[in-house]
Amino acid sequence: MAEPAEYPPFQLGKPRFQQTSFYGRFRHFLDIVDPRTLFVTESRLKGAVQLLEDYKHGTLPPGVTNKEAIIHPDTNEKIFMPFRMSGYIPFGTPIVVGLLLPNQTLVSTVFWQWLNQSHNACVNYANRNATKPSPTSKFIQGYLGAVISAVSIAVGLNVLVQRANKFTPATRLLIQRFVPFPAVASANICNVVLMRHTELEEGIDVLDSNGNIVGSSRIAAKHALIETALTRVVLPMPILVLPPIIMSILEKTSLLRARPRMVLPVQGFVCLAAFGLALPLAISLFPQMSEVCIVLYREKCRTGRDLKRSSSPIPWTHGRTKEDMG
């Protein structure tokens with residue numbers, strides 16, 4: 001059976017869509033985060049794996065991308081459903097709704113921030129780069145740093161808003177709804193720094209055009225970490241900023257005023273829509289493999305060639321490290 005026209009020919013070991021353009025990356029990650037893969041049966045998954053194992057020539061029928069969304073590419077082990085990228089939206093949306101609940105107490109603020117960072121940590125670990133295993137202590141360090149920073153910022157901002165006498169109760173409530181964003185964004189950056197700061201010293205793998213490792217570079221690592229941090233700031237922005245704005249408008253309508261019990265379901269739908277839009281857009285911002293001219297020591301290109309660097313701007317992976325090129 002021929003593939004639909006919008007799908008390019010299958011290439012073993014390569015993404016279906018070109019990763020050099022934002023649109024190609026966006027289409028690729030739409031497949032990865034597709035929640036329908038959560039319902040793929042074991043027999044169908046084994047069939048897709050067998051097709052890839054037997055693949056030699058020609059093309060594969062639609063649906064084989066399920067393997068990439070379910071099985072870890074490095075370990076070939078099945079990823080636990082809540083921690084797959086395809087499960088990030090359906091399992092993460094209830095947490096987002098909890099983060100954005102109005103009139104939060106100290107206990108509820110701490111609980112939802114802790115639950116959010118715990119979920120993120122599990123997703124990061126389940127989708128980690130396993131080609132060069134990192135010590136578990138590094139993940140624990142990043143997790144604790146993210147939890148402490150998120151809780152501290154969220155609680156601190158809430159206290160400041162509550163003590164601000166210049167604001168009316170309505171304004172104070174509106175501002176409190178935006179507190180989760182700076183808390184989550186700061187925690188994400190803290191997590192990146194704690195998890196990957198060693199890459200700035202050791203560098204990350206640098207590949208030539210044939211995919212062969214030619215060394216490692218601290219400069220490439222710096223670019224990779226900047227892209228990762230930017231992605232982790234952009235990702236929660238529409239998820240934690242748009243819903244409060246939209247809900248502040250919808251709650252003034254006669255429909256929700258007359259039916260206050262509908263506020264929570266409507267907020268859940270708004271958060272789900274924002275999450276579903278933001279995730280593939282954010283992780284498509286930067287390519288996983290970028291071409292850079294590696295500059296060493298005196299800021300001169302060593303070979304004059306364009307080399308590829310391994311960058312992992314996605315929130316659930318981290319770059320590989322190696323000794324710096326001498």
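Buried means under 20% relative accessible area. The model shown in these close-ups is predicted.

**View 1. Threonine 198 sits in helix H8.** Its relative accessible area is 17%, so threonine 198 counts as buried. Leaving aside residues up to four places away in sequence, threonine 198 touches Lys138 and Gly203. Alanine 221 is 23 residues from threonine 198 in sequence. In space, their C-alpha atoms are 9.5 Å apart.

**View 2. Helix H10 covers residues 236–250.** At 1.5 Å a residue, its 15 residues should span 21 Å. The end C-alpha atoms are 21 Å apart, which agrees. Buried residues of H10 include Pro236, Ile239 and Leu240. Pro243, Pro244 and Met247 are buried too. The buried residues of H10 pack against helices H4, H8, H9 and H12.

**View 3. Phenylalanine 111 and tryptophan 114 form one of five aromatic pairs in the structure.** Their ring centres are 6.1 Å apart and their planes meet at 40°, so the pair is tilted. The two residues are three apart in helix H5, about one helical turn. Phenylalanine 111 is partly exposed, at 39% relative accessible area. Tryptophan 114 is also partly exposed, at 38%. Ring pairs link Phe111, Trp112 and Trp114 into a cluster.

**View 4. Tyrosine 125 and phenylalanine 139 form an edge-to-face aromatic pair.** Their centres are 5.0 Å apart, with 85° between the planes. This pair links distant parts of the chain, 14 residues apart. Tyrosine 125 lies in helix H5, and phenylalanine 139 in helix H6. Tyrosine 125 is partly exposed, with a relative accessible area of 35%. Phenylalanine 139 has 12% relative accessibility, so it counts as buried.

Note on methods
Residues are numbered from 1 along each chain as its sequence is written. This is a predicted model: local features need pLDDT of at least 70, side-chain atom pairs count only at pLDDT 80 or more; totals for chains, interfaces and linings use all residues. Side-chain values use heavy atoms; hydrogens and water are left out. Helices (H or I, at least four residues) and strands (E, at least two) are DSSP runs, numbered from the N terminus. The expected span of a helix is 1.5 Å times one less than its number of residues. Buried means under 20% relative accessible area, exposed over 50%, partly exposed in between (1.4 Å probe, protein chains only). Contact means heavy atoms within 4.5 Å. Rings of Phe, Tyr and Trp (its six-membered ring) pair if their centres lie within 6.5 Å; planes under 30 degrees apart count as stacked, over 60 as edge-to-face and the rest as tilted.
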